[in-house]
Amino acid sequence: MQLKLIYNNQVLGIGSGSTIVPVVHRLAERVKQENLNIVCIPTSFQARQLILQNDLSLSDLDRHPELDVAFDGADEVDSDLSLIKGGGGCLTQEKIVAGYAKCFVVVADYRKNSKNLGEQWKKGIPIEVIPMAYVPVTRAVTRKFGGVAELRMAVRKAGPVVTDNGNFILDWKFDKVHKWNEVNTAIKMIPGVVETGLFINMADVVYFGMEDGSVRACEKLAL
């Protein structure tokens, strides 16, 4: 990936996940080689550390409330470029950064590419919730849309996963293809829901790293 979207004096959003690591390495190379003035906004503690480790300029949305380009990964991408994100637990901050960027670029492994959401990613759609509301939110989601919603539990500590925002995550394992724009809006209206891992009509282009090492670009269709 050539990072042709990056120019001097830009503000960039840096997402989380393994596919973003080589993007940031390449960005750091270009900054040094071309003496670029680039400012980076992280979506998580992990992204913050990645920015600092690569000697890039770290900032925040207080100082830079509008971004030129945001780069992030995805857990799954469908044929409409709708995304499931949040497998790593950073969905809310990822959506905030992507939402305030003029261009949202997704970098993903070819195995994340599906015709419909749920074909490849079997762990469900993450939903960030206020801790006191996780039980009623679980009931509301499954009552309205079916499937099963489970509280995400930590692996190396007792108790649930806690996000960077101090909240819990439900993983909703849906049992059919939905109209995702409507479902996303409806879930966000449930009291206690902070954000969903459904990123609808947000990605401008998705770069898939193919098995042979090549890169395939899928762009949002103009309406």
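Start with an open sheet of four strands, whose order is E9-E10-E8-E11 and whose pairing is antiparallel. Strands pair here if DSSP finds at least two bridges between them; helices (H or I, at least four residues) and strands (E, at least two) are DSSP runs, numbered from the N terminus. At the edges you will find E9 (148-151) and E11, each pairing on one side only. From one strand to the next, the twist averages 30 degrees.

A word on what you are viewing: this is a predicted model, in which local features need pLDDT of at least 70 and side-chain atom pairs count only at pLDDT 80 or more, while totals for chains, interfaces and linings use all residues. Residues are numbered from 1 along each chain as its sequence is written, and side-chain values use heavy atoms, with hydrogens and water left out.

Now look at E8 and E10, which pair in the antiparallel sense over five bridges. Ile-125 stands opposite Trp-172 in E10.

Two helices lie across E8, E10 and E11: H3 runs at about 65 degrees to E11, and H5 at about 160 degrees to E11. These angles run from 0 to 180 degrees between N-to-C directions, with axes as lines fitted to C-alpha atoms, for helices over the stretch in contact (heavy atoms within 4.5 Å).

Which residues of H5 (180-188) are buried? They include Trp-180, Val-183, Asn-184 and Ile-187, where buried means under 20% relative accessible area (1.4 Å probe, protein chains only). Seen down the axis of H5, the buried residues fall within an arc of 100 degrees, so they line one face of the helix; the arc is that of the directions from the helix axis to the C-beta atoms. Their cover includes H3 (91-99), E8 (125-129) and H4 (134-145).

Notes:
Buried means under 20% relative accessible area, exposed over 50%, partly exposed in between (1.4 Å probe, protein chains only).
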